[in-house]
Amino acid sequence: MSDDDNILTETFRRVLGDVVTSERIRAFEDSPALAPIWPELAETGFLDALVGEEYGGAGLSLAQVFPLVLALGEHATPVPFAETMLARAWLAPHGISLPDDAAVVLAPRSAILPFAEVATHALVADRDMIRVVEVTSGSNDVFRAGGALTLNPGRELGAFAGTPGDLLLAAAALTSGQMVGAMARMLDMTLNYAGERQQFGRSLGKFQAIQQQLAVMAEQVISAQVAARTALRSTHFEPIRVAAAKCRANEAARLVCNIAHAVHGAIGATAEFDLQLFSRRVKQGQVAFGSERYWAVELGRARVTADCQTTADFLRLHLMDEDV
Amino acid sequence: MTINVDSFPPVRIPEEAEALRPQVKAFIAQQLMHMPPHRRARTWAGFDADFSRALAAQGWVGLTMPKEYGGAGLDAFSRFVLVEELLAAGAPVAAHWIGDRQSAPLLLHYGTEAQREFFLPRICRGELFFCIGMSEPNSGSDLASVRTRAEKVDGGWKVNGQKIWTTYAHKSHYMIALVRTSGTSEDRQAGLSQFLIDLSLPGVTVNPIKLGTGDTDFNEVFFEDVILPEDALVGTEGNGWAQVNAELAFERSGPERIYSSLVLLDLWSRSLKDDHDAGDLERLGLLVSRLAPLRNMSIAMTGLLVQGKSPVTEAALFKDMGTEVEQAIPADIADALGARLDRTPDPELMRTLAYLMQLNHVFSLRGGTREILRGMIARGLGLR
């Protein structure tokens, strides 16, 4: 990553730190609304990061934006910022313009739709078209994280060629990125807590049983991050890369949430403690846009039908952590 | 600095290194044509001196050694490509494995010019095979407690003691042993040194240990007043612990930590082409999803090694996860095959499965146990 990219990421992190505070996330959860978080984030100009320069955007690649997607997860950002970034990039070449304040979710068929409670617009897909529609959501925010089970589509703003599969890949990839960002933050929080909390006269982190669990947690977080980094390379999402990333993020989430909360004890699940803001979002992500079983079957089928002598060949040809 | 995803910076395998791949594939296809999968499943536990010498004749043993010492002068990326292909195909690489992976780099780094000139060309030609003398009957994970002792005598060193679990000592020419040269086992890491021990010397006794599988890969090795020449010492006297630790990143970061069960995975995967249920595909997909980031992490660490870094904690994290997948592959496939009461599985698939199922539980032991590795990761996380 270049120095410019690092500066970009640091700037974005700082903004998130100021704008997406835990007090605001709690207020959002009590009464979901875009303001004040959305307008303050939109003001940064980052929404057009992926839009091509010829359309007035910053023209960054998804690989460059990957750290931003992680950062959104690291802050438990309750609004569809990454999704709107992608939607704007997809729409720009087709001359479809969104209102400046549009908060867009990707809405392929899915058991749950993160961020849908506050979305103003959605991308929906039928056989060979992806359509931008105005939406209002039902009120089934079952995780208290701003998600919804269904959306009510309204006026269509435009459409472009694309399939339900394309939309699902994008949604799953961006969700994986935000899940692993949130899990990385949970690891940090858990390491800090293990350093502070004393029992039997020493900090939890000094107990070998705890150390071994935290090592496992770090392994899970890092491998899921590498898998997500591999999938978030281009806005043309590669099915095999996305399958591996969502699968890994979901599988990692099981252990990561269990260990984080085990080390914290009951306090971690209380409203006043931040850990649960992250674990509830990670769990909502597990259910959204294909579970580990869904993507594992896809990935298994891809391996069986691939013209590869060995799985090493399959990994090299389809799952390299480098640009597509 | 704590370990995180940035500890594994993405890197592309250079074209020069990738150029080696088709040549290796062609060589392996020709060499292993008649080797059945259950033999290939042994991969880096499979000892075949002829294969190692044929590989050496291609210039592919000691690939990273400088040309003046008989090597190919290529970098760690080329070695990654070579080793990945060998392991994925299940080539029997054990004969030259230790010399190539550890002894040669150790001697290049710490050896005297005379040691380099004598040993490196012979390793590269596939003439000298090496084993590593680390564990002792009372020193397993607690390696610093080794008791085998070398004492200074006129014109050299006298060694007494015992090593155990020494892989292929009975088929190797030399052992590089970690022994105590001063102090007692209470002094821990201080006072340890590494020696080159010619296993044909008087006073060396090698007793193979037979495993329940019927295989004999391991040995116990006794030293009774074994006289070593002055120049058997590797590196600096008393610096053995630091030297051994420098090898760990090499020993734990490579594709051998994820591919030990790959021959079985691919045999099973091929059998699924015409006959599978959703459960089979799910298991296969989950395994692939775990392998994919690990392979990328191994490549990232190769990049770090090329830059002269020593990603020891990263390698511990990678190896712990890698051996977990290697263990899961036979277990998952056993479950999948055992669920099919309606059919008799292919005998060769079952032979390969049975071989790995009898061994997969020990995959987490070799090269540092799971518990030791997790302790290292915890240290990397700032917990100890």
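1. Two residues are taken to be in contact if their C-beta atoms, placed from the backbone, lie within 7 Å. The note concerns a predicted model, in which local features need pLDDT of at least 70 and side-chain atom pairs count only at pLDDT 80 or more, while totals for chains, interfaces and linings use all residues. Residues are numbered from 1 along each chain as its sequence is written, and chains are lettered from A and ligands numbered from 1 in the order in which they are written.

2. For the complex, the predictor gives an ipTM of 0.96 and a pTM of 0.96.

3. Chain B is divided into domain 1 (5-129), domain 2 (132-238) and domain 3 (243-380), with bounds that come from an automatic or database domain assignment. The centres of domain 2 and domain 3 of chain B, taken over C-alpha atoms, are separated by 30 Å, and 6 residues of domain 2 of chain B are in contact with 6 residues of domain 3 of chain B. On the domain 2 side, these residues divide into 1 nonpolar, 5 polar and no charged, where Ala, Val, Leu, Ile, Met, Phe, Trp, Tyr, Cys and Pro count as nonpolar, Asp, Glu, Lys and Arg as charged, and the others, Gly among them, as polar.

4. Between the chains, 44 residues of chain B are in contact with 40 residues of chain A. The largest share of the side of chain B that touches chain A, 16 residues, comes from helix 10 of chain B, helices being DSSP runs of H or I of at least four residues, numbered from the N terminus. By class, that side of chain B has 26 nonpolar, 7 polar and 11 charged residues.

5. Helix 8 (residues 239-264) of chain A and helix 10 of chain B pack at an angle of about 95 degrees with their axes 9 Å apart; axes are lines fitted to C-alpha atoms, for helices over the stretch in contact, and angles run from 0 to 180 degrees between N-to-C directions. These two helices are therefore roughly perpendicular to each other, a label that covers 65 to 115 degrees. Among the residues that meet are A:R248 and A:E251 in helix 8 of chain A and B:S289 and B:R290 in helix 10 of chain B. The residues of this contact divide into 6 nonpolar, 2 polar and 3 charged.

Notes: Angles under 35 degrees count as roughly parallel, over 145 as roughly antiparallel, 65 to 115 as roughly perpendicular and the rest as oblique.
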